[in-house]
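Hello,

Here is the structure we talked about. My notes follow below it.

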Amino acid sequence: MKDEAANLPYRLPPRVFDARCKACWFSLGLVALVVASFWSLDLQWGQFFSAEAARSMARFVGEFFPPDLSAPFLHKVLVGSVETMAMSLLGTLLAAALGLLLAVPASRLHEGDAAWARAPTRLVLNALRSIPELVWAALLLISAGLGPFAGTLALAFHTTGVLGRLFAEAIENAPAGPGFALRAQGVGPLRVLLFATLPQVLPQLVSYTLYRWENNIRAAAVLGVVGAGGLGQLLAFHMGLFHMNKTATLLGAMLLLVAAVDLLSYALRRRMMR
Amino acid sequence: MNTIAAPARPVPPARDPAWLGRVFWLGAGLVLLWPLFVATEFRPWVLFEPANVKISAQFIGSFFPPVLNPEFLLMVAKETWRTVAIATAGIVLALGVAVPLTLLSTRSLSISALPGRMARLPFVLRQAVRGLLIVLRSVPELVWALVFVRVVGLGPTAGVLAIALTYGGMLGKVYGEILESGEQQPTETLLRNGAGRLQAFFYGLLPGNAAELTSYTVYRWECAIRSSVVLGFVGAGGLGQQMDNSMKMFNGGEVATMLLVFIALVALADRTSGWLRRALG
């Protein structure tokens with residue numbers, strides 16, 4: 001007769017510390033990273049939480065009031081807002097077009113597609129994506145000069161990287177049926193793309209583009225800090241000269257602009273979902 | 001003798017039947033876009049004016065070879081660590097902002113909402129906290145940094161605080177959405193049976209949503225690394241500040257090295273965050 005326990009032996013929970021416990025090592029690494037970060041940064045909390053800092057903060061916020069609402073300045077703010085809005089819109093649209101152009105070589109369109117350009121195109125997209133808008137703007141100022149043009153191009157470059165990658169994933173994940181049916185009839189790759197693949201993924205592409213537009217209006221608002229036009233340029237200028245009342249108006253305009261775009265994009269995306 | 005006419009076959013259209021509409025909307029779109037091109041002073045030919053081409057070519061030409069001497073590389077390594085440290089410290093503080101505000105604002109932990117409608121006071125409080133989160137995340141981190149640079153001076157403190165506030169707002173909002181879209185039953189049962197809100201959170205909400213919450217946090221950490229480079233441009237230290245300096249000196253070699261390091265850093269953060277999110281399921 002086999003020696004068998006009536007009940008299963010009581011299983012002890014795993015020991016908390018164990019050399020093979022991945023989660024423990026991970027937590028340990030995380031704690032180390034956080035501690036090292038705070039320790040190496042010589043953060044001046046003493047200075048920040050001192051009474052003097054509180055006073056200077058209060059004075060600083062106090063200077064914001066009343067916001068400058070005189071007609072000529074409001075006009076300037078309006079022009080800046082329009083410029084920011086145009087930068088974000090055009091930057092996003094250009095990026096959507098370029099992103100789509102690059103997404104096609106960056107994706108495997110059907111099984112058995114050699115897709116020799118896939119890896120190099122993705123490398124380009126990643127490089128475009130990992131450089132932030134502001135750094136692009138600072139680089140482009142040299143060739144495009146000060147002003148909103150550099151900012152628009154900067155937004156377009158960074159967003160091309162982001163959208164190109166998202167578009168490529170969308171194209172690769174599209175159902176293969178319609179494309180296969182057309183290819184079986186001898187239809188060429190361009191037409192397969194135009195009439196089978198794109199119509200299926202278009203709503204998704206538009207939704208990604210709208211989402212990036214929300215991001216880009218935020219980015220466009222601050223790009224001017226390096227001289228690339230829009231509200232940011234006014235902000236950097238007036239903040240540098242300690243025109244706090246004007247700064248307050250500009251910050252208000254930024255918040256309104258961002259909120260308006262968020263609302264609009266949310267409404268559009270909801271409409272598309274239905 | 002009469003020939004039998006072949007029955008007329010419908011000829012499939014050789015062209016896209018909708019081409020007229022497509023061309024029309026393309027044209028209309030371009031006309032509508034025209035004001036945008038004007039407002040952004042969109043003049044691509046400026047890029048190709050001889051003077052500009054010369055400057056650009058000089059700058060881009062000076063990218064090669066990238067500066068690779070040991071002391072510069074050591075400095076870049078130090079600044080890279082600073083960039084990562086600012087992002088990490090910022091995210092940790094952002095958690096300190098986001099977690100309490102999420103607990104205050106999430107509907108799932110409302111006791112008065114159990115029978116149906118939330119009572120007025122808790123409703124107003126929750127909306128107020130949500131408003132605060134919206135304001136926190138609507139102000140771009142760069143603007144927060146500009147403000148804090150005024151108060152605490154140049155240095156990483158301003159960058160850390162800026163990331164803490166903006167990301168606190170973002171994390172708080174998304175945490176709330178995640179908690180409210182998940183399974184509500186366990187939390188509700190706990191609350192109905194007399195558990196406190198914190199108990200209901202720890203034993204009802206958190207276990208079900210922990211993976212998603214962590215994965216979003218990791219993704220935001222990756223974004224914070226990108227932000228912290230940008231914050232360097234307004235004087236928060238790190239890779240961004242060095243890049244700004246080198247750019248002002250037109251030192252293309254140094255810019256090239258730092259761009260490469262930066263691309264590698266972002267790719268690494270991307271990998272780490274992808275790996276972590278997969279490990280978390």
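Along the sequence, chain B reads α-α-α-α-α-α-α-α-α-α. That is ten helices and zero strands (DSSP runs, H or I of at least four residues for helices, E of at least two for strands, numbered from the N terminus).

This is a predicted model: local features need pLDDT of at least 70, side-chain atom pairs count only at pLDDT 80 or more, and totals for chains, interfaces and linings use all residues. Residues are numbered from 1 along each chain as its sequence is written, while chains are lettered from A and ligands numbered from 1 in the order in which they are written.

Chain B spans about 95 × 85 × 40 Å along the principal axes of its C-alpha trace. Of its 281 residues, 36% count as buried (20 or more other C-beta atoms within 10 Å of a residue's own, with C-beta atoms placed from the backbone).

Now α1(B). Its 21 residues include one that is buried, so α1(B) lies largely in the open. A kink of about 35 degrees sits at B:Leu33, shortly before the proline B:Pro35 (the angle between axes fitted to the seven residues ending there and the seven starting there). After α1(B) comes B:Glu41, with a positive phi near 50 degrees.

The contact takes 45 residues from chain B and 46 residues from chain A (C-beta atoms, placed from the backbone, within 7 Å). Elements giving two or more residues on the chain B side include α1 (19-39) and α10 (252-280).

Best wishes

Methods
Contact = placed C-beta atoms within 7 Å. Buried ≥ 20, exposed ≤ 12 C-beta atoms within 10 Å, placed from the backbone.
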